[in-house]
Amino acid sequence: MQTAPTRHDQATRLLHQRGATVTPARVRVLQLLLAADAAMSHQSLQQAAAASGHPFDKVTLYRVLDWLAEQGLVHSVAGHDRVRRFSLMNAHHAHAHFECDVCGRLFCLRGGLAAAAPELPPGFASDRVDITVHGRCAGCAAVATAPRPRGEGPGV
């Protein structure tokens with residue numbers, strides 16, 4: 001019976017596949033992103049690293065994130081607050097994002113963008129398409145639709 005690879009093993013494998021030097025900082029950042037259910041800001045990555053007992057200094061974290069992005073292992077997208085958030089590059093490079101207008105979390109969406117990509121004029125060359133869908137994530141939508149106790153809400 002074979003056990004599932006740990007996040008450390010997955011992170012190390014991603015670096016080896018790129019022929020990159022495996023450093024503790026690169027592995028830790030990839031581990032955090034592998035565990036994340038949404039894109040993470042620099043600050044949230046720094047807090048998660050500190051909470052796990054392996055803190056980063058800001059400069060190291062910025063350098064690792066920039067390097068991982070240059071290598072195509074992670075991508076970043078800026079939210080409405082102009083904060084860059086990072087997530088692992090998925091197999092479908094071109095994809096849309098969902099930003100919750102309530103909690104601010106940013107999620108990568110599955111599915112292609114072929115139908116959403118605009119037709120370019122002759123001679124133009126597209127490098128990427130950025131599409132962000134706005135609304136409420138499942139958690140925030142559930143809170144908004146939960147029944148309110150009597151005496152709360154408008155008109156009281």
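Start by selecting Ser 41: across from it, in strand 3, stands Arg 85. Before moving on, note that this is a predicted model, in which local features need pLDDT of at least 70 and side-chain atom pairs count only at pLDDT 80 or more, while totals for chains, interfaces and linings use all residues. Residues are numbered from 1 along each chain as its sequence is written, and side-chain values use heavy atoms, with hydrogens and water left out.

**Stop 1: the sheet**

Strands here are DSSP runs of E with at least two residues, and helices are runs of H or I with at least four, both numbered from the N terminus. Now select residues 84-88 to show strand 3, which pairs with strand 1 in the antiparallel sense over two bridges. Two strands count as paired if DSSP finds at least two bridges between them.

Next, bring in strand 2 (74-78). Strand 2 and strand 3 are also antiparallel, with five bridges. Click on Val 77 and you will find Arg 85 of strand 3 opposite. Which strands are at the edges of this sheet? They are strand 1 and strand 2, each pairing on one side only. The whole is an open sheet of three strands in the order 1-3-2, with antiparallel pairing.

Follow the chain from strand 2 into strand 3 and you pass through a hairpin with five residues between the strands. Pick Arg 82 there: this residue takes a positive phi near 70°.

**Stop 2: two crossing helices**

Select residues 24-35 (helix 2) and 58-70 (helix 4): their axes come within 10 Å and cross at roughly 75°. That makes helix 2 roughly perpendicular to helix 4, a label given to angles of 65 to 115 degrees. The axes are lines fitted to C-alpha atoms over the stretch in contact, with angles running from 0 to 180 degrees between N-to-C directions.

To see the contact (heavy atoms within 4.5 Å), show side chains for Ala 25, Arg 26, Val 29 and Leu 30 of helix 2, then Thr 60, Leu 61, Val 64, Leu 65, Trp 67 and Leu 68 of helix 4. These residues divide into eight nonpolar, one polar and one charged.

**Stop 3: the whole chain**

Zoom out to take in five helices and six strands. Along the sequence they follow the pattern α-α-β-α-α-β-β-β-β-β-α. Of the 156 residues, 30% are buried, meaning under 20% relative accessible area with a 1.4 Å probe, counting protein chains only.

Note on methods:
Angles under 35 degrees count as roughly parallel, over 145 as roughly antiparallel, 65 to 115 as roughly perpendicular and the rest as oblique. Ala, Val, Leu, Ile, Met, Phe, Trp, Tyr, Cys and Pro count as nonpolar, Asp, Glu, Lys and Arg as charged, and the others, Gly among them, as polar. Buried means under 20% relative accessible area, exposed over 50%, partly exposed in between (1.4 Å probe, protein chains only).
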